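Welcome, and thanks for taking a look with us. Please have the sequence and the 3D view open as you read on.

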Amino acid sequence: MDLAFIPSPSVGVVHLGPIPLRGYAFCIIIGVFAGVWLGNKRWVQRGGRSGTVADIAVWAVPFGLVGGRLYHVITTYEPYFGPNGHPLDALKVWEGGLGIWGAVALGAVGAWIGCRRRGIPLPAYADALAPGLALGQAIGRWGNWFNQELYGKPTDVPWALEISSDPAIGRIGGTYHPTFLYECLWCIGVAALVMWADKRFRLGHGRAFALYVAAYCAGRAWIEYMRVDEAHHILGLRLNVWTALIVLVLAVAYFVVSAKRAPGREAVVEPGAQLAEGADGAAAEDAEHADDAKVSVEKPSSKAAAEDDGEPEAESGAEGAPESATDEAGDEKAGDATDAPAADAAKPAGSGSTKKS
């Protein structure tokens, strides 16, 4: 008897009236938004404009979904085009079945189109988006939990995944390795590794993306080996294990060659972004100078108005002038009045002014 295990949801879809709300689709959508959010932050840090990652994702995401579905249908064609297959089921993406290899490959084509339209180098965009892709995969893997699919071998470990029985599709109930959880945690580690290495070594020209691919493939190889769902085998290994190993070698080769041919990081990732920021800063500075000029014009106007009224400038600035200033002014007036008779007495007779005709 298992004392602890990870329960699976009883249903993977909830109907809101006629509208089905599927847990698998929600996980994919949330993963896409999380990946774009993180990619946008990294793109801005590299000197690009905010919103560029989302604009290019409009091209990359649909291409990625089509590519992921094509890879799944081609490598697992029996349920769709086999003797008892249903071809229309190939369009039912919400029931699960997206191959990450096809999603990344065809998604890169969509990203290339979007980058070309914006005049942006694809390797720089891929470097900024790499950790976001890993984060999006970590979230998207929980869609397999909702669908009770792609689990590992039977086990009785405390973190085993409970799978319910479904004779209609040949699913046997029991507790299995939660490979979806293993890949989720691995992808989070890959995202952290890429961000750390990118900050530490200033990876550029597609090397951060190559590191993401290599690290993910290293984990996918052993996780894939644990799965028990039906798959094609080559030399005793699942097809996806061979795919992971081959892509891992290609990613490492690209990393090494790129480091020799183009060391360092791109100085400019989005032409015109720095000019746009400079223009915004100049506009803000001009507005600030205009406010300062307005203030400086208003102050002399107040001063001139005060002088026209015959008031000293000092008095216009302070109503409560010191009493000493007032007393001093009074003493000066009194002195003038006292000295006036003395001055008249000192004048000799007939010294008054005469008017010449």
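Please keep in mind that the model is predicted.

**How helix 4 and helix 8 pack**

- Helix 4 spans residues 100–118 and helix 8 spans residues 207–226, and their axes come within 13 Å of each other.
- The two axes cross at roughly 170 degrees. Because angles over 145 degrees count as roughly antiparallel, helix 4 is roughly antiparallel to helix 8.
- The crossing of helix 4 past helix 8 is left-handed.
- On the helix 4 side, I100, W101 and V104 make the contact; helix 8 answers with F209, Y212, Y216, C217 and R220.
- Sorted by class, this contact holds seven nonpolar residues and one charged residue, with no polar ones.

**The cavity**

- How many cavities of 30 Å³ or more are there? The count comes to one.
- The largest cavity holds about 40 Å³ of space.
- Its lining is made up of R141, N144, L150, T179, F180, E183, R220, I223 and R227.
- By class, the lining of the largest cavity has four charged, three nonpolar and two polar residues.

**Where the helices meet the cavity**

- Helix 7 (179–201) and helix 8 each supply at least two residues of the lining of the largest cavity.
- Helix 7 gives the most to that lining, with three residues.

Terms used: Residues are numbered from 1 along each chain as its sequence is written. This is a predicted model: local features need pLDDT of at least 70, side-chain atom pairs count only at pLDDT 80 or more; totals for chains, interfaces and linings use all residues. Side-chain values use heavy atoms; hydrogens and water are left out. Axes are lines fitted to C-alpha atoms, for helices over the stretch in contact, and angles run from 0 to 180 degrees between N-to-C directions. Helices (H or I, at least four residues) and strands (E, at least two) are DSSP runs, numbered from the N terminus. Angles under 35 degrees count as roughly parallel, over 145 as roughly antiparallel, 65 to 115 as roughly perpendicular and the rest as oblique. A crossing is left-handed if the near helix is turned anticlockwise from the far one by less than a right angle, and right-handed if clockwise. Contact means heavy atoms within 4.5 Å. Ala, Val, Leu, Ile, Met, Phe, Trp, Tyr, Cys and Pro count as nonpolar, Asp, Glu, Lys and Arg as charged, and the others, Gly among them, as polar. On a 1 Å grid over the protein atoms alone, a cavity is a set of points where a 1.4 Å probe fits but cannot get out, and a pocket is an open set with protein on both sides within 12 Å along at least five of seven lines; lining residues have an atom within 4 Å of a point. Grid points are joined across faces, edges and corners, and a volume is the space filled by probe spheres set on the points.
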